[in-house]
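This report is meant for a reader who has not seen this structure before. Please look over the sequence and the model first.

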Amino acid sequence: MHDHELETLPAAQVHNPTLLRIAGKLPTATFEIFRQSIPPGLSSDMQRHYHETVHYVISGTGHTEVEDEVERWSTGAFIYTPPWTWHRHYNDSAGAPVEFLTIENSRLLHQFGIARRQSAGLATVAEARARCNEEGT
């Protein structure tokens, strides 16, 4: 499969200003692969999900919030998101998009009927916790 064959997910399904394209025609049974682009100065939504995710930074610079921690990254970095943790990815550049290769084990969890994802939109971790009636982690 080549980059031009990736399928763009509808904006209403993504819930944030990023462009998310899936390698949906690959015959993978346990994981999914995406190419994600975050426009300059923007971010993904604050979300959490049962599956694990690894983002490989193809290009760009930014930072990621995972619960109460902030990690800075740039081209060539790997970003790991543990299951069911609030997280959000930020593009710190004013002029260039961030490009990720995203791999997640969501298909495996879906096969077991335990796939779940929550989005708090463009919120902070504290706001996401409050919306879900949580106390600090």
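The sections below go from the whole chain to its strands and then to single residues.

## Basis of the model

This is a predicted model, in which local features need pLDDT of at least 70 and side-chain atom pairs count only at pLDDT 80 or more, while totals for chains, interfaces and linings use all residues. Residues are numbered from 1 along each chain as its sequence is written, and side-chain values use heavy atoms, with hydrogens and water left out.

## Overall form

The protein has three helices and eleven strands; these are DSSP runs, numbered from the N terminus, with helices being H or I of at least four residues and strands being E of at least two. Along the sequence their pattern is β-α-β-β-β-β-β-β-β-β-β-α-β-α. The protein is as compact as a globular protein of its length, because its radius of gyration is 15 Å, close to the 14 Å that the globule rule gives for 137 residues. The radius is taken over C-alpha atoms, and the rule is 2.2 Å times the number of residues to the power 0.38. Along the principal axes, the C-alpha atoms fill a box of roughly 45 × 40 × 25 Å.

Of the 137 residues, 42% count as buried (under 20% relative accessible area; exposed is over 50%, partly exposed in between, with a 1.4 Å probe and protein chains only). Among contacts (heavy atoms within 4.5 Å) with a separation of 6 or more, 67% are between residues 24 or more positions apart.

## The open sheet

Six strands form an open sheet in the order S1-S2-S3-S10-S5-S8, with antiparallel pairing; two strands pair if DSSP finds at least two bridges between them. Strand S1 (7-8) and strand S8 (78-81) are the edge strands, each pairing on one side only.

S1 joins strand S2 (residues 19-22) through two bridges in the antiparallel sense. Thr8 has Arg21 in S2 as its bridge partner.

## The hairpin of S6 and S7

Strand S6 (residues 61-66) and strand S7 (residues 69-74) run antiparallel and are joined by six bridges. Glu65 is bridged to Val70 in S7. The hairpin has two residues between the strands, and Glu67 takes a positive phi near 55 degrees there.

Asp68 is in the loop between S6 and S7. Is Asp68 buried or exposed? Asp68 is exposed, with a relative accessible area of 57%. Leaving aside neighbours within four places in sequence, Asp68 contacts Val125 and Arg129. Ala126 is 58 residues away from Asp68 along the chain, and their C-alpha atoms are separated by 9.0 Å.

Pro40 is in the loop between strand S3 (32-38) and strand S4 (47-49), and counts as partly exposed at 33% relative accessibility. Which residues does Pro40 contact, leaving aside neighbours within four places in sequence? They are Asn91, Ser93, Ala94, Gly95, Ala96 and Pro97.

Gly60 lies in the loop between strand S5 (53-59) and S6. With 19% relative accessibility, Gly60 counts as buried. Not counting residues up to four places away in sequence, Gly60 touches Trp73, Ser74, Thr75, Pro97 and Val98. From C-alpha to C-alpha, Pro40 and Gly60 are 9.4 Å apart in space and 20 residues apart in sequence. The C-alpha atoms of Gly60 and Asn91 are separated by 7.5 Å, with the two residues 31 apart along the chain.
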